[in-house]
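Dear colleague,

Please find below the structure that I am handing over to you. My notes on it follow directly after.

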Amino acid sequence: TAREKSKKFVGLEVDAIYSDYQDKIFVGHDLEDTANNLQIENWFEYVENPSQKCFWIDMKNLDKHNAKPISTKLLGIMDKHKMADNLFVESPDAKALKTIKSSGLRIILWTDNPVWNNIDTTTWIAHTKEKIEELNPDAISNEAGMFELLTEHFSNQNIHLWQTAIKNDKNIEYTRKLCRNNSVKVVLVDYDEPINY
């Protein structure tokens, strides 16, 4: 749960969905998850000392049409919990992220994955550079399998990676490898306890 994990880790990641119809942000990966009725503002109530933690908000349906109301709601949450610069909004949508950034929030550009999108590496590098130059994001992100590509071509960026693997010796060592790279600032894990790295 958010309460238990927030007692042990310095930060949390949460998937979020904006409902235009209800003008609310819900915790969830897909629109149907809004049926669970867990609003993100209520989720923050379960977090231990939110002003002392960092938050990676993966906005699943952020776009140029809903970026402003999402910004307003997240800024309200930050104000309520006396949070400063410890909330990051992640999305692949550069136009929407530009609006989020102009509101004063920090942004993470989720980079395309050339394997998933079936594009060559050269095109991917050029496309990613273009987005980075347009946005100047606080960080760029992707899954841990992109570690080598991101650190080789974008070592000047703050890199956030997700590694949703079970806790065993092999995965712990891989997590340590990611964390020891100077460009990698955040690694998401599903471990119940933090590890030393």
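In what follows, a residue is called buried when its relative accessible area is under 20%, exposed when it is over 50%, and partly exposed in between. Cys54 has a relative accessibility of 40%, and therefore counts as partly exposed. Please bear in mind that this is a predicted model.

I turn next to the cysteines. A disulfide is a covalent bond between the sulfur atoms of two cysteines. The criterion applied here is a pair of cysteine sulfur atoms within 2.5 Å, and by this rule the model contains zero disulfides. For Cys54, the closest cysteine sulfur belongs to Cys179 and lies 14 Å away, which is too far for a bond.

Asn49 has a phi near 50 degrees, a positive value in a residue other than glycine. This residue is found in the loop that connects α2 (40–45) with β3 (54–59). With a relative accessibility of 47%, Asn49 is classed as partly exposed.

For Asn136, phi is likewise positive, near 50 degrees, and this residue too is not a glycine. Asn136 sits in the loop between α6 (121–135) and β6 (139–143). Its relative accessible area is 54%, so Asn136 is exposed.

With kind regards

Notes. Residues are numbered from 1 along each chain as its sequence is written. This is a predicted model: local features need pLDDT of at least 70, side-chain atom pairs count only at pLDDT 80 or more; totals for chains, interfaces and linings use all residues. Side-chain values use heavy atoms; hydrogens and water are left out. Buried means under 20% relative accessible area, exposed over 50%, partly exposed in between (1.4 Å probe, protein chains only). Helices (H or I, at least four residues) and strands (E, at least two) are DSSP runs, numbered from the N terminus.
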